[in-house]
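Work through the exercises below with the model in view. Try each task before reading its solution.

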Amino acid sequence: MITKKNILIFLILITVSAFTFSQSETLKENNQPYIDSGNTAWVLISSALVLFMTAPALALFYGGLVKKKNVLNILMQCLMTLAIISVLWVTVGYTLAFSPGKGILSGFIGDFSWIFLKNININDPSPYFISQESARIPHLVYVIFQGMFAVITPALIIGAFAERIKFSSYLAFIIAWFFLVYIPVAHWVWSSNGWLFKMGALDFAGGTVVHINAGIASLITAIMIGKRENLKPTPPHNLIFTFTGAAMLWFGWFGFNAGSALAADGLAANAFIVTNVAAATAAITWAILDWIFHKSPTILGAATGAVAGLVAITPAAGFVNIESAIIIGLVVSIICYFMVVVVKNKFGYDDALDAFGVHGIGGIWGALATGIFATNTIQSGYSGLLNGNPKQLLIQVIATIVTLTYSAIVTFAVFKIIDLMMKVRVSYNDEAVGLDVSQHSERGTTIIE
Amino acid sequence: MKYIIAVIQPHKLEKVKNELYKAEVNLMTVSEVLGHGRQKGTNEIYRGTKETGNLLRKIKLEIAVNDNFVKPTVDAICKAAKTGEVGDGKIFILDLEECFRIRTGETGVGAIG
């Protein structure tokens, strides 16, 4: 039944929508940045997908790999990293990483102009965009999307010193590492004034900033904290967790990579599809390698391969096509398999859950592969070695070496200082009884009720 | 024939196994158990509720041996499981009346090794 009231509401709606429509139409005609609702929706969802990668995905992936007396410690480290970095990000992290910065420092670190997200209004379009120069997302959406990357990066390092780090030292470490390593590197590579960005380093979704950065920090901390006691036989306590976590990581990675297009467009679709095919190829390759060298295809192998494939395609997702993605996925499993199975055991460092072997090595391969395979049929203006631009590979090598060096040195210093101040490693007895009971006074599961 | 039951710290299992292999004791049954002797349990807290005196996780080894293997077995376990702290565990030795090997029907001393 049509009443007067309904008609009135209808008229109001029409007027409002017409006004909104005409406003964005005018902006479109003037080529001014405006907020596009489709793009905004996609990046909002992507932000949630990236959050999902830290907890529960990474927490389960790592949690399943440790002994059952240490599983809660892994979950707690992931949860607290998520919580602490989330607060730090909106207060001081984002402005230091992504604001333009001042004077000669601007290439290296931001300033405090966006502290507590001040001066960012809810209707401001994001200053950062990839392919959609005018159809932007709100600046606040960019803030939270990037925030989720800042959360997962320190969490990846958990795999290196798992089963033997003191919880309080862990917290001190990730907070210091976030400020001294993550924020500067994110600024160099992703912010508009960053010196690696200006040099032309390509990192679509975080191969350098996230994976190489966390990967090398993992190697350094694993060596510094020393091997676990009773290292020899450590079968993962629950591979079902690990499988679930890996599958969730794969799912969340669509937000990580396709969300990095900062728009719901063809570039996002390309990132989505190459991400999927690289992960798939890498999972198949690792399973085959297991089958050849150890007579059985393993779940842990296939899951690790999938994650390695996701890592490797991350920097390349917005620059390469399907053929290249297949090669990237194939090669990453071969390299990482060699690192995890041969090199790690030969050198004897205890990178407990292979954070370096998968994220570090996979990330380096991904960064270089971007310089090799980038093609201007995906994003015009960006091509690599095989498409007539060898200089790109050189730039990628420089960006990789710079990140490796900087992250290694600062990680070493931070870890050393924390060790001197409060000891990073738990006592022998605490390690023996397990970190769940010794650090958190809880157990993950019971034997007898 | 003796039946040896040893309760040890879980993280010592691997060392104990290796020492037993060196003493040529290769057959054993292992189970995960809860228990405490003089050592107190750990404190656990669940949403503010304290659980005290909880039993600790231990490993129980059960090994059937011929008489001449009793000492090597006990020595191997002690050597590997000892830390000198409360909670290292205990070893119990019982007389074993009979032993059957299901596959062959052997009995007694021959069925153990």
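**Exercise 1.** Which residues does Leu249(A) touch, not counting residues up to four places away in sequence?

Solution. First, the ground rules. This is a predicted model, in which local features need pLDDT of at least 70 and side-chain atom pairs count only at pLDDT 80 or more, while totals for chains, interfaces and linings use all residues. Residues are numbered from 1 along each chain as its sequence is written, with chains lettered from A and ligands numbered from 1 in the order in which they are written.

Next, the test: two residues are in contact if their C-beta atoms, placed from the backbone, lie within 7 Å. Leu249(A) then touches Met53(A), Ala57(A), Leu58(A), Phe61(A), Val307(A) and Leu310(A).

**Exercise 2.** Find how many residues the largest nonpolar core has.

Solution. A nonpolar core is a set of buried Ala, Val, Leu, Ile, Met, Phe, Trp, Tyr and Cys residues joined through C-beta atoms within 7 Å. Buried means that 20 or more other C-beta atoms lie within 10 Å of the residue's own. The largest core has 144 residues. Leu58(A), Tyr62(A), Ile152(A), Leu249(A) and Ala306(A) have the most contacts inside it. Helix α2 (residues 37–65) of chain A gives the largest share of this core, 15 residues. A helix here is a DSSP run of H or I, at least four residues; a strand is a run of E, at least two. A second, separate core has 12 residues, among them Val65(B) and Phe69(B).

**Exercise 3.** Give the strand order of the open sheet in chain B.

Solution. Strands pair if DSSP finds at least two bridges between them. Start with β1(B), residues 2–8: seven bridges join this strand to β5(B), residues 56–65. Seven bridges also join β1(B) to β6(B), residues 89–95. Val7(B) stands opposite Lys60(B) in β5(B) and opposite Lys90(B) in β6(B).

**Exercise 4.** How many residues does each chain bring to the contact between A and B?

Solution. Chain A gives 11 residues and chain B gives 11 residues. On the chain A side, six are nonpolar, two polar and three charged. Here Asp, Glu, Lys and Arg count as charged, Ala, Val, Leu, Ile, Met, Phe, Trp, Tyr, Cys and Pro as nonpolar, and the others as polar.
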